[in-house]
Amino acid sequence: PETAWKSLAYACERVPEGGHRIQVASGTYTATKTAYPKSGVTIVGEGMIGEKLTRIVASTDWTLGDVKVQPKPKEEFLIALPKCKKVVINNIDFTSSKEHRISGAIWCEGGADIQI
């Protein structure tokens, strides 16, 4: 805990492409921006129910794009996978509050071999 990185988005910025693992401990975490894992990265939580629950919740002040202008869909999701390959996401519950829904949990375009 003393050396843990502050968010999944931050961890994804730091972890390089290929064969690396981001371990997210049990608990509830508030996300304030989209995480962009690189190809070959595995993101694993402790579980999706019970005492080992790993939950990532979108912040209630998450800003959604203006659909009248030009929306940026990947920035309205907790995780974005543009053109990523061989990404694994497992044992994590993704959500947003009932009062402030974001567009979704995971956005992917042009990806291959994505396992969720």
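**Exercise 1.** In this predicted model, find which residues Ser39 touches, leaving out those up to four places away in sequence. Then decide: is Ser39 buried or exposed?

*Solution.* Start by locating Ser39 in the loop that links β2 (27–31) with β3 (41–44). Next, list its contacts: Glu17 and Gly18, then Lys83, Cys84, Lys85 and Val87. Finally, check the accessible area. Ser39 has a relative value of 16%, and buried means under 20%, so Ser39 counts as buried.

**Exercise 2.** Work out the strand order of the open sheet formed by 3 strands, and find its edge strands.

*Solution.* Follow the pairing across the sheet: the order is β2-β4-β7, and the strands pair in parallel. The edges are β2 and β7 (93–96), since each of them pairs on one side only. From one strand to the next, the twist averages 25°. Now look at β4 (residues 54–58): 4 bridges join it to β7. To see how these two strands line up, find Ala58, which stands opposite Ser96 in β7.

**Exercise 3.** Which residues have the most contacts inside the largest nonpolar core?

*Solution.* This core has 23 residues, and the ones to pick out are Leu8, Ile22, Ile43 and Leu78. Then ask where the core comes from: α1 (8–14), β3, β4 and β5 (77–82) each give at least two residues. The largest share, 4 residues, belongs to α1. To finish, zoom in on Leu78, whose contacts include Ile56, Ala58, Trp62, Phe94 and Ile102.

How values were computed: Residues are numbered from 1 along each chain as its sequence is written. This is a predicted model: local features need pLDDT of at least 70, side-chain atom pairs count only at pLDDT 80 or more; totals for chains, interfaces and linings use all residues. Side-chain values use heavy atoms; hydrogens and water are left out. Buried means under 20% relative accessible area, exposed over 50%, partly exposed in between (1.4 Å probe, protein chains only). Contact means heavy atoms within 4.5 Å. Two strands pair if DSSP finds at least two bridges between them. Axes are lines fitted to C-alpha atoms, for helices over the stretch in contact, and angles run from 0 to 180 degrees between N-to-C directions. A nonpolar core is a set of buried Ala, Val, Leu, Ile, Met, Phe, Trp, Tyr and Cys residues joined through side-chain atoms within 4.5 Å.
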